[in-house]
Amino acid sequence: MLEVLIGVGLGLLLASNVALWLKLNRCYWDLHKIISESTDGIEFEPNVDGIKDEIFDALGDFMGDLKVPSAQDHFIGGLSQIMQMWAMKKFSPMVEQMQNQLEPMPSSGYTEPNFPSENLP
């Protein structure tokens, strides 16, 4: 019975592949016929100089908008680092609690990964 099912399956697979090949072959010849009968060709040559000018203009606009960081930028960057350190200290108990709740229970063959960054002093 299994041999019959395998034979039927292979036969259907072969038949579908032949039908697909015939359909694709017919589409190929129809497309080839349409292309050969058409008299107006599409001629498009890209304007490389125009594309190059657009790229240079975009880069020039981008580079023109850049500025040297001021003392205010440095102050705000330092202040944001201080605020991040404060938030890490304030919310660390809650983060640890969430991590403990989300940790999977170790199975008998499970070993905790040892990352090099955790061993730094």
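I started at F91, where α3 bends by about 55 degrees, with a proline, P93, following within four residues. For the bend I took the angle between axes fitted to the seven residues ending at a residue and the seven starting there.

I noted the ground rules next. This is a predicted model, where local features need pLDDT of at least 70, side-chain atom pairs count only at pLDDT 80 or more, and totals for chains, interfaces and linings use all residues. Numbering runs from 1 along each chain as its sequence is written, and side-chain values use heavy atoms, leaving out hydrogens and water.

**Entry: overall layout**

I counted three helices and zero strands. The order from the N terminus is α-α-α. Helices (H or I, at least four residues) and strands (E, at least two) are DSSP runs, numbered from the N terminus.

I looked up the cover. What share of the 121 residues is buried? The share of buried residues is 0%. Buried means under 20% relative accessible area, exposed over 50%, and partly exposed in between, with a 1.4 Å probe and protein chains only. The accessible surface comes to about 12200 Å², and 66% of it belongs to carbon and sulfur atoms. Areas come from the Shrake-Rupley method with a 1.4 Å probe; for residues, only the protein chains shown count as cover.

**Entry: helix lengths**

I checked α2, residues 48–65. At 1.5 Å a residue, its 18 residues should span 26 Å, and its end C-alpha atoms are 26 Å apart, which agrees. The expected span is 1.5 Å times one less than the number of residues.

**Entry: aromatic pairs**

How many aromatic pairs does the structure hold? I found two. Y28 and W29 pair edge-to-face, 5.1 Å centre to centre, with 75 degrees between the planes. Y28 is partly exposed at 49% relative accessibility, and W29 is partly exposed at 47%. W86 and F91 also pair edge-to-face, at 6.5 Å centre to centre and 75 degrees between the planes. W86 is exposed at 54%; F91 is partly exposed at 37%. Rings of Phe, Tyr and Trp (its six-membered ring) pair if their centres lie within 6.5 Å; planes under 30 degrees apart count as stacked, over 60 as edge-to-face and the rest as tilted.

**Entry: nonpolar patch**

I went back to F91. W86, F91, M94, V95, M98 and L102 make a nonpolar surface patch of about 660 Å². Patch residues have over 30% relative accessible area and no salt bridge; like charges are joined within 9 Å, nonpolar side chains (Val, Leu, Ile, Met, Phe, Trp, Tyr) within 5 Å.

**Entry: salt bridge**

I searched the whole structure and got one salt bridge. R26 and D30 meet there through their side chains, at 3.6 Å, N to O. The criterion is a side-chain nitrogen of Lys or Arg within 4 Å of a carboxyl oxygen of Asp or Glu. Why are R26 and D30 separated by about one helical turn? They are four residues apart in helix α1, residues 2–37. R26 is exposed at 53%, while D30 is partly exposed at 31%.
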